[in-house]
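Could you show me around this structure, one selection at a time? I have the viewer open and would like to know what to click on next.

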Amino acid sequence: MKIYQPHTWPQTLEAAITIQESLSQQVITEDQLREPISYVAGVDMGFTADGTVSRAAVAVLSFPDLQVVETTLAHRPTSFPYIPGFLSFREIPAVLDALEKIQTVPDIILCDGQGIAHPRRFGIASHLGVILDMPTIGVAKSLLIGKHQELPETRGSWQPLIHKGETIGAVLRTRIGVKPLYISSGHKISLTTAIDYVLHCTPKYRLPETTRVADKLASNR
DNA sequence: GCGACAG
DNA sequence: ATCTTGTCGC
């Protein structure tokens, strides 16, 4: 798919914050999808043992049957350290390289990490969504910010994630007896719709099939 | 000032 | 994220 290069990549946290505060104003948390959805994609990152090389993987699956239709990989030198709150600056460059190779343009992208459940409401899913101007969902395995009530053990149960009095996402149980997932709107999708799609993509395991396929490729296994 | 902290 | 062995359960 064709990628329109957005902004230049910052070299300081101060510059990164300026970008986040500016672009976060473009995030849309209402449904603006092209339905019916035919393809969903998952993106994930892996790094070489010494961390100097980033490896991005993209997996496009058909929807709703979830069959793998295409995968791509991209490598590039790691250029930004991991700093909580700034994950996108470390991972998006390589992700864009991998997405550029994709022939089957997905209708929704599930990202590893937060959407608007972020200090400045601009996690990696939102950042990628704004750059691509397409629907993205934040699917994180752990909490970055926010608080929530206890979650029932039933699959599909969820609780709103609250930060500074506002609902920024949801804690979702995709399987009984395992840790929940942290879901949030990335761009052009509402929280409830995002939850629906995540549940549809997790028929058997804790993580979405999209993420599992991309994960395996990114970890080089 | 003291903790918390996506991957 | 990555480094690591065995172990519990379907």
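Before the first stop, one convention: a crossing is called right-handed if the near helix is turned clockwise from the far one by less than a right angle, and left-handed if anticlockwise. Keep in mind, too, that this is a predicted model.

**Stop 1: two helices.** Select helix α2 (residues 87-100) together with helix α3 (residues 124-132); their axes come within 9 Å and cross at roughly 45°. That angle makes α2 oblique to α3. The crossing in which α2 passes α3 is right-handed. Now show the side chains at the contact: Leu87, Ser88, Glu91, Ile92 and Val95 come from α2, while Ile124, His127 and Leu128 come from α3. Coloured by class, this contact has five nonpolar, two polar and one charged residues.

**Stop 2: DNA strand B.** Stay with Leu87 and bring up DNA strand B, which 18 residues surround; Leu87 is among the closest, along with Tyr82, Gly113, Gly123 and Lys141.

**Stop 3: DNA strand C.** Around DNA strand C you will find Met45, Gly46, Phe47, Ala49 and Ser219. Three residues of this surface are nonpolar, two are polar and none is charged.

**Stop 4: Tyr205.** Go to the loop between α4 (191-200) and α5 (209-218), where Tyr205 lies. Beyond its neighbours within four places in sequence, Tyr205 is in contact with Arg175 and Arg212. To finish, draw a C-alpha to C-alpha distance from Tyr205 to Ala125: 21 Å in space, for 80 residues in sequence.

Conventions
Residues are numbered from 1 along each chain as its sequence is written. Chains are lettered from A and ligands numbered from 1 in the order in which they are written. This is a predicted model: local features need pLDDT of at least 70, side-chain atom pairs count only at pLDDT 80 or more; totals for chains, interfaces and linings use all residues. A residue is near a molecule or strand if its C-beta atom, placed from the backbone, lies within 6 Å of it. Helices (H or I, at least four residues) and strands (E, at least two) are DSSP runs, numbered from the N terminus. Two residues are in contact if their C-beta atoms, placed from the backbone, lie within 7 Å. Ala, Val, Leu, Ile, Met, Phe, Trp, Tyr, Cys and Pro count as nonpolar, Asp, Glu, Lys and Arg as charged, and the others, Gly among them, as polar. Axes are lines fitted to C-alpha atoms, for helices over the stretch in contact, and angles run from 0 to 180 degrees between N-to-C directions. Angles under 35 degrees count as roughly parallel, over 145 as roughly antiparallel, 65 to 115 as roughly perpendicular and the rest as oblique.
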